[in-house]
Structures are given as C-alpha cells and as structure tokens.
Amino acid sequence: MIDPHRDKVLILDFGSQYTQLIARRIRELQVYCEIHPYLMPLEQIEAFAPRGIILSGGPRSVYEPGAPLVSREVLELGPPVLGICYGLQLLNHILGGKVSPAASREYGRKNFTISDHQDLFAGLSPHESVWMSHGDHIDEIAPGLEIIGSSDTCPAGAVRDQRRRIFGVQFHPEVKHTPNGGKILANFLFGICGLQPLWNMRSFVEATTQALRQKIGTERVICALSGGVDSSVTAVLLHRAIGDRLTCIFVNNGVLRQGEAEKVVRLFRENYRLNLVYVDASKSFLKLLEGIVDPEEKRRRIGREFIRVFAEEAGKLGQVKYLAQGTLYPDVIESVSFKGPSATIKTHHNVGGLPEVMPLELIEPLRELFKDEVREVGSELGLPEEMIWRHPFPGPGLAIRILGEVTPERLAILRQADAIVLEEMKAAGFYRQVWQAFAVLLPIKTVGVMGDERTYENVIALRVVDSTDAMTADWSRLPYDLLARLANRIINEVKHVNRVVYDISSKPPSTIEWE
Ligand SMILES: Nc1ncnc2c1ncn2[C@@H]1O[C@H](COP(=O)(O)OP(=O)(O)OP(=O)(O)O)[C@@H](O)[C@H]1O
Ligand SMILES: O=c1[nH]c(=O)c2[nH+]cn([C@@H]3O[C@H](COP(=O)(O)O)[C@@H](O)[C@H]3O)c2[nH]1
Ligand SMILES: NC(=O)CC[C@H](N)C(=O)O
Ligand SMILES: [Mg+2]
C-alpha cells in the first residue's frame, strides 16, 4: 500500500488570511500538506520530511524590526521552496536582496507578463491575470535570483534560482481570482518537486484504518456520537478499524429534532452493527431546563449534563483507554496558528473537556481533514448521503432555537415546524445548496384570523443561510414560492402558529443561531 502521506508539503505560515487556502488548493491537487507556524524549529522541519516547502504571505514587512523570518538553512534543506507574496519578499531578503515599500500599493486583479515558461510557469500564456495584494516589493534582487515575470508596477513579480530550486511569486496563486493559479501550484508540486498525487480519501481510509489498528492494539475506545457528520465519520472509521472494541454513546438530550433519535440508532445499529449505547436522558435534561430563559445558562446546563451522563455511561463499560473525537483540521490550525491560540474557538466544539473528567487518551482520526474531505471519507465508507450532507446541528439542539422557556408544548411546536422546513428544502432541491436551514420559535404571540376567528398565537422565524465555514454567513435568497410554501404549510399544519417570518440578517453582525 502506498502511504498517502509520503509526498508531503510544508506550508510555513506568516499570518496571511490566505494560508488555509494554500492548503486547500494543494489538497485539491491530491498532495498532502500541513500548515505550521513560521517558527517551526529546523529539526522539526527535517523530521517532518517535506518534499516541498511553501512560505505563505503575511501582513508584516521583512525590513521591519521584529519581522517574522526563517533561517537561511530552511532554504538549503533540499526540498524546493516557493515563496508567495511576503514569502517571496522574505526569500529575497534572506538571500541578500533588498525589499522596500513600493511607490504604489498593488491590490486586486493585475495583468502579469511571464518571461520564462520552463518550470513554474510551464503551459501558461505570455500574459496572465493574477491577484495582487501588497505594499512592499523587491527593490534589489538577491544574488542568484532571476526574474521570470512582472507586472507594470512590479518588475520582480516572480523570481527563481533554478540551481537551488527556489521560486517566488508576488501574486497569490491560491486565490480563485488568479485563474491559472492552480496550474502554477501544480507545476511547483509535480514538475519542480516531483511529487505524485497520492492524497485521496480512499488511500486515507486505508492508511488511517491501519494506523488506528496499530495504535489502539487490543484496547477499547468510546466515542460520543451525535449523528452529525464529524462524529459519525469518526465512529464508522473506528468501527472499520477495531470493530467491537468501539462503543459509541448517543445521548438523547430531549431537544433533538423530530425522529432523530430513532434514525440515528437505527442507522448505526442496523447498518453498521456497531456497539451503540443509547441513553435516553431527555427527562433529566428537560427538568434542568425548566424555567430557564437565558441562552448561556441553557448551554451551560446542557453541557454539564452531557458530561455527567457521558461519564456515567462510560463508567459502566469498565476498562476503556481512549476517547475518540471528530476534531477537524481547521480546529487544529486555529489553535496553532501564527497568531497563537485563537480566542474564537467555540467552547462547545467537543463535549466540553471530557478528558479532564475521565483519564482517557484522545483519538482524533479526522484532525488532518477539512470538512469537504470528511464528507468524502464518509462517502468512501458508504455512509448514506443523508448523513454525509446533514447540516450542522448544535449540541444544545432545539433548546437554543426556542427563545424563552423550553417546555414540552413549545418543543412539539418547533419540532413540527422544523420537520416541515427540512422536508420542503429537500423536496425543492435546496437542502444541499445551503449551509443550514431551520425554524426558530419566538417568545411572542401575534394576532391572526383563521376561519373568521381571531387567533392569538406563536410566530416561527425561518433561518436559512449560505456559508462555507460558519464564520461568516449570508441569508439565502430562496425563491419566493418556496418561502410561500414553507409559510403556508407551517401555519396550516402546526397548531398554535399563526405567523411565519424570514430572517434576512447576515453574520456578522448577527449570528446564525438566535441564541
Ligand atoms: N446527542 C449527542 N450524543 C452524544 N454526543 C454528542 C451529542 N451531541 C453532540 N455530541 C458530541 O459533541 C461533539 C460536537 O458536536 P458538533 O455538533 O459540533 O459536531 P458533530 O455533531 O459531530 O458534527 P456537525 O458539526 O456536523 O453537527 C460531537 O462530535 C459529539 O462527539
Ligand atoms: O455544537 C454546537 N454547539 C453550540 O452551542 C452551538 N452554537 C452554535 N452552533 C453552530 O455553530 C455555527 C455558528 O453559529 P453562530 O453563528 O450562531 O455562532 C452554526 O453552524 C451553529 O449551528 C453550535 N454548535
Ligand atoms: N499579502 C502579503 O503577503 C503582503 C506582504 C507585505 N506585507 C506587503 O504588503 O507587501
Ligand atoms: Mg452536531
């Protein structure tokens, strides 16, 4: 078996907003890569054994005191190096050239003239459109470097040293606004570094299954399973590796969607025959939520109860060594990035520090993957489409979509409305096109008229958003007739609702959820 990690690329991060995009593009070209802070020690770089090194862009200027630098040794390790934007300026600086502020800042689409098509620009036209975003430029080119491309205001727009296999571009090949950026990256990876496109989810599944078997040996593993994409793929992958030695714990917290508990249990018990402990703790959760209207207090109570229930169930299982979690690569990057541990990581991302409660070692088989790669793994593993394309659903569930107190009556209203939203979104073919679609029950009543009778009933807000990572989002421009159908069905079919409104706020300044 060929190891999909064999041909890998190291991306040293200098703080560019595009660093993750570089990684995405390389992965799309089927090459494994990792992002590390520019301060990664030389021995660690050597141990990582990259077959190509990319220096990212960054907000600083190389000539400033305290600018982020790497030692010259990094350029002399052996693997070819590609500097992008700040990375190019850095190369030039380290190799003895001069970088200074340009007369005019270049920002946006630019025409770029290519003067050499041998390696980095093989197969490209003499003129290409590229995306620029810089205020500094190469003023004096370092000894050994030659110019292979330029724009009207940036003479040293692309440079190389063929002997030492060092390359640099002032523009950003990783953004879509550089239409042939992918070709340039492919030239670097396949032409210059001589890599092979080994990274695909089939080989990932094979390699990871073996690695998990080796690591876990004869020990036992537990996994908190929500039925969401991340924990489901984690569970199925582990089940494939260690079979019966995996036990999943799925908690019904009383605020799940309509039919969700049954669906998750059926899918995992019947299709995968995996050990699934189903804990119906809905009574205790709902009891704890009685009278609570503050959103943060709802979250805290649900989080604490999750941990209690989980610990109790895990305790019943006896000797367990590992806890599996569906941590993804963006979570990892956020916590190791150039800027240091990020404050934006959501505290809710795992079940809330379970390892502190129980002395378990963590297993995170998806920690190298982006969400779309996780979905592909799910597909390789034969998970049903419905599960793979499921919208994210928060751990505190419907509790944070019922504004005000969570009561059995109000839960029933929201569940039914929510089920209609999902059904109609799927029927109209819009479910997969949007990031999330759900109903929210508002804590107010409004007047309506039904069959000549005055009504005084609840309002449902519809929230449907487009997003790529939930960090920013915009309301989806759904067709009016779909909105009309949603409103009609909800008002007609759900008792105690007489009005539906559509949320047209973007994030920021609003958030996706209402609480
Ligand atoms: N009802 C539940 N029972 C057991 N574990 C749960 C439950 N809800 C959430 N969890 C745990 O909390 C983790 C975080 O939940 P989160 O919603 O962020 O991720 P997910 O459900 O795996 O995927 P998605 O983001 O697609 O919903 C889950 O991966 C799972 O381990
Ligand atoms: O597991 C979770 N526990 C939570 O407490 C929680 N709050 C928000 N979300 C999800 O995170 C994304 C961003 O949501 P917001 O824009 O509302 O912050 C959206 O996808 C939300 O659904 C949660 N997920
Ligand atoms: N985007 C970048 O990498 C910018 C690099 C450098 N700070 C400049 O403005 O030229
Ligand atoms: Mg979830």
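Is Glu174 buried or exposed, going by its C-beta neighbours inside 10 Å? Glu174 counts as buried, because it has 28 C-beta neighbours inside 10 Å. Keep in mind that this is a predicted model.

**Overall build**

- The protein has 515 residues, and 40% of them count as buried.
- Its secondary structure comes to 16 helices and 18 strands.
- Taken along the principal axes, the C-alpha atoms fill a box of roughly 85 × 60 × 40 Å.
- Looking at contacts in the protein with a separation of 6 or more, 75% come from residues 24 or more positions apart.

**The annotated active site**

- UniProt, in an unreviewed entry, puts the feature "active site" at Cys85, His172 and Glu174.
- These residues are spread over 90 residues of sequence, yet they cluster in space, with a largest C-alpha distance of 11.0 Å.
- His172 is in the loop that runs between strand E9 (166–169) and helix H5 (181–192), and Glu174 is also found in the loop between E9 and H5.

**Around His172**

- His172 has 23 C-beta neighbours inside 10 Å, so it counts as buried; the cut-off for that is 20 or more.
- Leaving aside neighbours within four places in sequence, His172 is in contact with Tyr18, Gly57, Ile84, Cys85, Trp131, Ser133 and Thr178.
- One of those contacts, Cys85, is itself on UniProt's "active site" list.

**Around Glu174**

- With neighbours within four places in sequence again left out, Glu174 is in contact with Tyr18, Leu21, Ile22, Arg25 and Gly181.
- Tyr18 turns up here as a contact of Glu174, and Tyr18 is among the contacts of His172 too.

**Helices H9 and H10**

- Two packed helices are described by the angle between their axes and the distance between those axes.
- For helix H9 (residues 282–289) and helix H10 (residues 295–316), the axes come within 10 Å and cross at roughly 150°.
- That crossing angle makes H9 roughly antiparallel to H10, because angles over 145 degrees count that way.
- The crossing of H9 and H10 is right-handed.
- On the H9 side, the contact is made by Ser284, Phe285, Leu288 and Leu289, while H10 brings in Lys298, Arg301, Ile302 and Glu305.
- Sorted by type, the residues of the H9 contact with H10 are four nonpolar, one polar and three charged.

How values were computed. Residues numbered from 1 in each chain as written. Chains lettered and ligands numbered in written order. Predicted model: local features only at pLDDT ≥ 70, side-chain atom pairs only at ≥ 80, totals over all residues. Axes fitted to C-alpha atoms, helices over the stretch in contact; angles between N-to-C directions. Helix = DSSP H or I, 4+ residues; strand = E, 2+ residues; numbered from the N terminus. Parallel < 35°, antiparallel > 145°, perpendicular 65-115°, else oblique. Left-handed = near helix turned anticlockwise from the far one by under 90°. Contact = placed C-beta atoms within 7 Å. Nonpolar A, V, L, I, M, F, W, Y, C, P; charged D, E, K, R; others polar. Buried ≥ 20, exposed ≤ 12 C-beta atoms within 10 Å, placed from the backbone. UniProt positions renumbered as here; feature names shortened; annotations may be inferred.
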